[in-house]
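Start by looking over the sequence and the model.

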Amino acid sequence: MTKIALITGANKGIGYEIARLLAGQDVTTIVGARDEERGRAAAERLGQPYVRLDVTDEASVTAAAKWIEQEYGRLDILVNNAAIGGDISAITPSTTPVAAVREVYETNVFGVVAVTNAMLPLLRQSEAGRIVNMTSELGSLTMAMDPETPYWQFNALPYNSSKTALNMITVSYAKELMDTPIKVNAANPGYCATDLNGHTGFRTAEQGAAIAVRLATLDADGPTGAYLEDAGVLPW
């Protein structure tokens, strides 16, 4: 039976590469994107379906879930990839406007909860549902407090804390679903060259997508509630 996957923010960057790699494994990969023109164009390039999905818009999320239910009746893989970096002009947490934090959380935190909750009934229809949350090493509390790591200097309150919150969200869903076939994990793609960072990353989007694809296609013996990158487990 062909697996059905939904990737949020899949019209470009890491999301697009995740969709491309999953499609290459004969997974029907739904390109979720809020910009209909760009989303449809990406889906056409991949030869895959498109659904309009703005993770910050409850009506859009509900409509996307309803469409997937009508078209496929289930969902096997959900990759919560859509994210924003936010305004990083503030150089310290104390100079960061609350509005800047709220804006990032709407997509990176609340959007993930909204999409996951909407898609969970469809994932429960899968024989082996997989949820992958695209996080960052910047969400690691352990590494953030280690002056010897390169992450010590990056102290962007909105983005970093949103990814720490996402890690706890991952754990929370993993605990709730522990007695089901659904696995929930956090994937760190590493510092990839994408629009989010002005293409300053040293890894490609395809390289960043690899860990998400691996977690999206885990077998029954795979982990759940884990924080992983290509090299293995990351410290919380």
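## Asp26 and its loop

Asp26 has 64% relative accessibility, so the residue counts as exposed. Here buried means under 20% relative accessible area, exposed means over 50%, and partly exposed lies in between (1.4 Å probe, protein chains only). Asp26 sits in the loop between helix 1 and strand 2. Its phi is positive, about 65°, although Asp26 is not a glycine. Helices (H or I, at least four residues) and strands (E, at least two) are DSSP runs, numbered from the N terminus.

The model is predicted: local features need pLDDT of at least 70, side-chain atom pairs count only at pLDDT 80 or more, and totals for chains, interfaces and linings use all residues. Residues are numbered from 1 along each chain as its sequence is written, and side-chain values use heavy atoms, with hydrogens and water left out.

## Helix 1 against helix 7

Two packed helices are described by the angle between their axes and the distance between the axes. Helix 1 (residues 13-23) packs on helix 7 (residues 205-216) at an angle of about 55°, with the axes 8 Å apart. That makes helix 1 oblique to helix 7. Axes are lines fitted to C-alpha atoms, for helices over the stretch in contact, and angles run from 0 to 180 degrees between N-to-C directions. Angles under 35 degrees count as roughly parallel, over 145 as roughly antiparallel, 65 to 115 as roughly perpendicular, and the rest as oblique.

The crossing of helix 1 and helix 7 is right-handed. A crossing is right-handed if the near helix is turned clockwise from the far one by less than a right angle, and left-handed if anticlockwise. Helix 1 makes the contact (heavy atoms within 4.5 Å) through Gly13, Ile14, Glu17, Ile18, Arg20, Leu21 and Leu22. Helix 7 supplies Ala205, Glu206, Gly208, Ala209, Ala212, Val213 and Ala216. By class, the residues of this contact of helix 1 with helix 7 are nine nonpolar, two polar and three charged. Ala, Val, Leu, Ile, Met, Phe, Trp, Tyr, Cys and Pro count as nonpolar, Asp, Glu, Lys and Arg as charged, and the others, Gly among them, as polar.

## The two sides of helix 2

Which residues of helix 2 are buried? In helix 2 (residues 36-46), they are Gly39, Ala42, Ala43 and Leu46. Seen down the axis of helix 2, these buried residues fall within an arc of 100°, so they line one face of the helix. The arc is that of the directions from the helix axis to the C-beta atoms.

The cover over the buried residues includes helix 1, strand 2 (28-33) and strand 3 (50-52). On the other side of helix 2, Glu37, Glu44 and Arg45 are exposed.

## Helix 4 and its partners

Helix 4 (residues 98-123) packs on helix 6 (residues 157-176) at about 20°, with axes 8 Å apart. The two helices are therefore roughly parallel to each other. The crossing of helix 4 and helix 6 is right-handed. On helix 4, the contact residues include Val104, Tyr105, Asn108 and Val112. On helix 6, they include Tyr159, Lys163, Leu166 and Tyr173. The contact of helix 4 with helix 6 divides into 14 nonpolar, five polar and one charged.

Helix 3 (residues 58-72) also packs on helix 4, at an angle of about 20° and with axes 9 Å apart. That makes helix 3 roughly parallel to helix 4. Their crossing is right-handed. Val61, Ala64, Ala65, Ile68 and Glu69 of helix 3 meet Ala114, Val115, Ala118, Met119 and Leu122 of helix 4. The contact of helix 3 with helix 4 has nine nonpolar, no polar and one charged residues.

Asn167 lies in helix 6. Is Asn167 buried or exposed? Its relative accessible area is 3%, so Asn167 is buried. Not counting residues up to four places away in sequence, Asn167 touches Thr135, Gly139, Ala186, Tyr227 and Trp236. Asn167 and Val109 are 58 residues apart in sequence and 9.7 Å apart in space, C-alpha to C-alpha.

Lys12 is in the loop between strand 1 (4-8) and helix 1. Lys12 has 40% relative accessibility and so counts as partly exposed.
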